[in-house]
Amino acid sequence: MNNIQLNQLTEDGYTIIKNCIDKKLIDNIRKNINEKLIKILKKNKINFTKDFVKNYYNVRKLISQHEIQVRLAKKLKSS
């Protein structure tokens, strides 16, 4: 988001909290998500990369976004 968007949000009454989640936690979540995406791709014999965004879009070709979210939620809950 750029400063204009941030200023508009605050003018509209929203609160913006920056850097409130520890980077280590975010990295751990990202790693867990990518592991699950890779598992789905391997199961369907589709190539995968280290880039979780690319892996997400490849999985998205196989199953709906809702189904991805459900599976990832189960994975993160058990982590």
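**Helix packing, salt bridges and a nonpolar patch**

Let me start with Ile 26, which is partly exposed, with a relative accessible area of 38%, where buried means under 20% relative accessible area, exposed over 50%, and partly exposed in between (1.4 Å probe, protein chains only). What we have on the screen is a predicted model, in which local features need pLDDT of at least 70 and side-chain atom pairs count only at pLDDT 80 or more, while totals for chains, interfaces and linings use all residues. Residues are numbered from 1 along each chain as its sequence is written, and side-chain values use heavy atoms, with hydrogens and water left out.

Ile 26 sits in helix 2, helices here being DSSP runs of H or I with at least four residues, and strands runs of E with at least two, numbered from the N terminus. Together with Ile 21, Leu 25, Ile 29 and Leu 76, Ile 26 makes a nonpolar surface patch of about 380 Å². Such patches are made of residues with over 30% relative accessible area and no salt bridge, nonpolar side chains (Val, Leu, Ile, Met, Phe, Trp, Tyr) being joined within 5 Å and like charges within 9 Å; the areas come from the Shrake-Rupley method with a 1.4 Å probe, and for residues only the protein chains shown count as cover. Which helix gives the most to this patch? Helix 2, residues 23-43, does, with three residues.

Let me turn to the charged side chains. The structure holds three salt bridges, each defined as a side-chain nitrogen of Lys or Arg within 4 Å of a carboxyl oxygen of Asp or Glu. In one of them Lys 23 is paired with Asp 27, and the closest N and O atoms are 3.2 Å apart; both residues lie in helix 2, four residues apart, about one turn of the helix. Lys 23 is exposed, at 58% relative accessible area, whereas Asp 27, at 35%, is partly exposed.

Also in helix 2, the side chains of Lys 31 and Glu 35 meet in a salt bridge at 3.6 Å, N to O, and because these two are four residues apart in that helix, about one helical turn separates them. Glu 35 counts as partly exposed, at 34% relative accessibility.

In helix 4, residues 65-78, Arg 71 and Glu 67 are separated by about one helical turn, because they are four residues apart. Their salt bridge has its closest N and O atoms 3.0 Å apart. Arg 71 counts as partly exposed at 29% relative accessibility, and Glu 67 counts as partly exposed at 29% as well.

Now to the packing of the helices, where axes are lines fitted to C-alpha atoms, for helices over the stretch in contact, and angles run from 0 to 180 degrees between N-to-C directions. The axes of helix 2 and helix 3, residues 52-60, come within 9 Å and cross at roughly 40°, which makes helix 2 oblique to helix 3, given that angles under 35 degrees count as roughly parallel, over 145 as roughly antiparallel, 65 to 115 as roughly perpendicular and the rest as oblique. This crossing of helix 2 and helix 3 is left-handed, meaning that the near helix is turned anticlockwise from the far one by less than a right angle, clockwise being right-handed.

Helix 2 and helix 4 pack with their axes 10 Å apart, at an angle of about 125°, and are therefore oblique to each other. Here helix 2 passes helix 4 in a right-handed crossing.

Lastly, Leu 6 lies in helix 1, residues 3-11, and is buried, with a relative accessible area of 14%.
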